[in-house]
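Here are a few notes to read beside the model. Take them one at a time, and keep the structure open as you go.

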Amino acid sequence: MSVNPPFRADIVGSFLRPASVAAARAAHAAGTVDDAYLRAIEDQAIVDVIARQAEAGLRVATDGEFRRAWSHYDFFGMLDGVEVVDSDHEVEFADVETPHRVLRITGRIGFPPDHPMLDHFRFVHAHVPAGVEAKMSIPSPSVLHFHLEPDSVATDVYADREALLPDLAAAYRDAVAAFYAAGCRYLQFDDTAWAGLCSEIELDKAAARGIVIDRLADRYVALINASLDGRPADMVIATHVCRGNFRSTWISSGGYEPIAKDLLGYTDYDGYFLEYDSERAGGFEPLRFLPEGPKTVVLGLLTSKSGDLEPEHAVLKRISEAVEFAPLDQLALSTQCGFASTADGNTLTEDQQWAKVREVVEIAGEVWG
């Protein structure tokens, strides 16, 4: 088994919110409990979920994103110059209506030194047992750009959406440095934008939003690499390419072929969590673009969208198929996504969630020893 992340048995990051957290957040929203009460409930739930991850055999732990409502809006809304506002339309997930929220750029984008998620990470780092790596997940900078609506950028600050990219990259360099100073050695950028580049439908929607889609992959390679520039040598930064994860539904479909060369070959990530739980992700052929060396692709072969447990022999067969295009020692295993990218969570039980995690650990042990 690998001694450095991404681990052979790994996780994307989010877990179903326990009933205690859901109740406390509802009471907090209603004004019947204060911030300190909510924080105490979250703290205990996070201590518990860290222990559950270690008990399942993982060598990595997150806070389950228990302090978040949305995996991306919460982080973006805490940046300087970015606001999350109500909208008259929803994000188009398959057959499910989402809250109507969008991003607005109201000032120069920056990462504040007191960004609340730094404390979120510090809590995890202080509570992981020996031999378990604390992991932090934040949305990728490309997600902010890809999902900006028309007229979402204050023109007295930036001439257009392309003009904000240098400041966005600088904000992420500051974020990487701040998380490192807080003790983080394993950071993950969650990214729905690259999945959008795999889909003609999502590219058409992006063009309708006014995004220049010509050579967009090239610009995202440059944005990500500028965001990672100067990161410490002992800090692992991976990405999770996500096709959407809201109440067990999704946004996009399409295999990795249109993006694989750029994403795997040219971005400076150490690891790539790729969804491979359904036909919507296509085949393993794009893995041929994984450069020989230290980079790792984490195969998301067990779905987090349902509680049905994949037969072990089927997962092993899929791994053997992937090895036709990438070396086994550059592969690892996880669920396809987190279990709750929003507070709503996917449609499975906590018992089913932990059964999935244990199966990831068991199969990884069988394959990689």
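1. The lining of the second largest pocket has 5 nonpolar, 3 polar and 4 charged residues. Here Ala, Val, Leu, Ile, Met, Phe, Trp, Tyr, Cys and Pro count as nonpolar, Asp, Glu, Lys and Arg as charged, and the others, Gly among them, as polar. The volume of this pocket is about 220 Å³. Of its 12 lining residues, Asn 4, Pro 5, Pro 6, Pro 294 and Thr 296 are the closest to the centre.

2. A word on the model: it is predicted, local features need pLDDT of at least 70, side-chain atom pairs count only at pLDDT 80 or more, and totals for chains, interfaces and linings use all residues. Residues are numbered from 1 along each chain as its sequence is written, and side-chain values use heavy atoms, leaving out hydrogens and water.

3. On a 1 Å grid over the protein atoms alone, a cavity is a set of points where a 1.4 Å probe fits but cannot get out, while a pocket is an open set with protein on both sides within 12 Å along at least five of seven lines; lining residues have an atom within 4 Å of a point. A volume is the space filled by probe spheres set on the points, which are joined across faces, edges and corners.

4. What lines the second largest cavity, with its space of about 30 Å³? The lining is Tyr 256, Ile 259, Ala 260, Leu 263, Leu 264, Leu 274, Pro 286 and Leu 287. By class, that makes 8 nonpolar, no polar and no charged residues.
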